[in-house]
Amino acid sequence: MMLDIQSLADCVGNTPLIRLRGLSDRTGCEILGKAEFMNPGGSVKDRAALGMIQAARASGTLKPGGIIVEGTAGNTGIGLAMIGSALGHRTVVVMPDNQSLGKIDTLRAYGAELRLIPAVPYRNPEHFVHASGRLAGQLDASHEHGAWWANQFENLANRAFHEQTTGAEIWEQTGGAVDGFVCAVGTGGTLGGVARALRAHNPDVTVGLADPGGSGLHNFFAKGELEIEGSSITEGIGNSRITANLEGTAIDVSWQIPDSEAIPLVYELIREEGLVLGGSSGINLIGAERLARELGPGHTIVTILCDSALRYQERLFNREYLLSNDLDLPDWYPREAAKS
């Protein structure tokens, strides 16, 4: 029997839609989660990584044997390292040092070379995105096969790949019966790409933004100002600027989702539906619940199940850390097992 899988890169995408039983029953809508945690690298960011690498190799900006460089809070780096290794590229990741140990360890396990630097605002020239761009330039000049900066926030191959794959899959899997799509934004590639794909078929699909605390995007779409409020223990979502991948995406409705709603839902899904998801998925699912209530019963809402809670064990299952953020573990989690 002939197999059509030539490398691990061929395993990215075509993830299932999972019905969220509790949320669907509570709202009278069909709330479906795109199971992106089932990608080989464990997150939705495998798609952005693959799309950007394919585009760079096709254009010649990433040469055979060239180095991949990116500034990332974690999951995109994992995807780049995984796919890069499968296709013969070394990956160097510049990352803020305030990210979860689970992500740091996973990046190293995938063979990425890590440069951990202090977390600073984007306007600071030492921000991890700016630092990664400078490093890519240095390596491109000094390495035999050059280096390529992925630049995921501004690289439109990110959004295009989600439009071609994620959005197209959602339309096909729902048989076109999708009324709304909602998710959080980091780079904007997922929301921007899926929105374009769905609206190409049906311009009336409602697009919503679920924004965590500490991000300015909700206030931008609600009030026209990039005003940052609150904070969140979630990672890899939220932003203080409009990226190229998000620019031009029409957002119909947005909400700022507090951790006090999202994190308890994460625990509920573990015990009641067997889904062990990270905090960003909790933000997305509360957004889906709000969109369902906005549209009313009988509608179909799709969101993204980004990655696994196991990538954030030292935070999501650490009672001391949670209490310091006005959160707590669920009653079913054994007290003696909580990390301190």
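Five bridges join strand β4 to strand β5, and the two run parallel. The structure is a predicted model, in which local features need pLDDT of at least 70 and side-chain atom pairs count only at pLDDT 80 or more, while totals for chains, interfaces and linings use all residues. Residues are numbered from 1 along each chain as its sequence is written, and side-chain values use heavy atoms, with hydrogens and water left out.

On the β3 side, strand β3 (residues 67–71) pairs with β4 (residues 91–96) in the parallel sense over four bridges. Two positions illustrate this pairing: Glu70 has Val93 of β4 as its bridge partner, and Gly71 stands opposite Val94 in β4. The chain passes from β3 through helix α3 (residues 75–86) to β4 in a β-α-β crossover that is right-handed, a term meaning that, with the strands pointing away from the viewer, the path from the first strand over the helix to the second runs clockwise.

What is the handedness of the β-α-β unit made by β4, α4 and β5? This unit is right-handed.

Strand β4 is mostly covered, six of its six residues being buried, where buried means under 20% relative accessible area, exposed means over 50%, and partly exposed lies in between (1.4 Å probe, protein chains only). In a regular strand the side chains alternate between the two faces of the sheet. In β4, Thr91, Val93 and Met95 point one way, whereas Val92, Val94 and Pro96 point the other way, and all are buried.

## The pairings of β8

Strand β8 (residues 206–212) is also mostly covered, with seven of its seven residues buried. Thr206, Gly208, Ala210 and Pro212 point one way from β8, while Val207, Leu209 and Asp211 point the other way.

Strand β7 (residues 180–183) is joined to β8 by four bridges, and the two run parallel; Val182 has Gly208 of β8 as its bridge partner. Together with helix α7 (residues 189–201), these two strands make a right-handed β-α-β unit. β8 in turn pairs with strand β9 (residues 253–257) in the parallel sense over five bridges, and Ala210 has Trp255 of β9 as its bridge partner. The chain crosses from β8 to β9 through helix α8 (residues 217–223), and this β-α-β crossover is right-handed.

In the loop between α8 and β9 lies Thr243, which is buried with a relative accessible area of 1%. Apart from its neighbours within four places in sequence, Thr243 is in contact (heavy atoms within 4.5 Å) with Phe153, Glu154, Gly186, Thr187 and Gly188.

Two packed helices are described by the angle between their axes and the distance between the axes.

| Helix pair | Distance between axes | Crossing angle |
|---|---|---|
| α2 (residues 45–59) and α6 (residues 156–173) | within 8 Å | roughly 125 degrees |
| α2 and α3 | within 8 Å | roughly 50 degrees |

α2 is therefore oblique to α3, given that angles under 35 degrees count as roughly parallel, over 145 as roughly antiparallel, 65 to 115 as roughly perpendicular and the rest as oblique. α2 and α6 are likewise oblique to each other. The crossing of α2 and α6 is right-handed, and so described is the crossing of α2 and α3; a crossing is left-handed if the near helix is turned anticlockwise from the far one by less than a right angle, and right-handed if clockwise.

The α2 and α6 contact includes Arg47, Ala48 and Gly51 of α2 and Phe161, His162 and Glu169 of α6. Towards α3, residues of α2 including Lys45, Asp46 and Ile53 meet residues of α3, among them Asn75, Leu80 and Ile83.

Methods:
Pairing = 2+ DSSP bridges. Axes fitted to C-alpha atoms, helices over the stretch in contact; angles between N-to-C directions.
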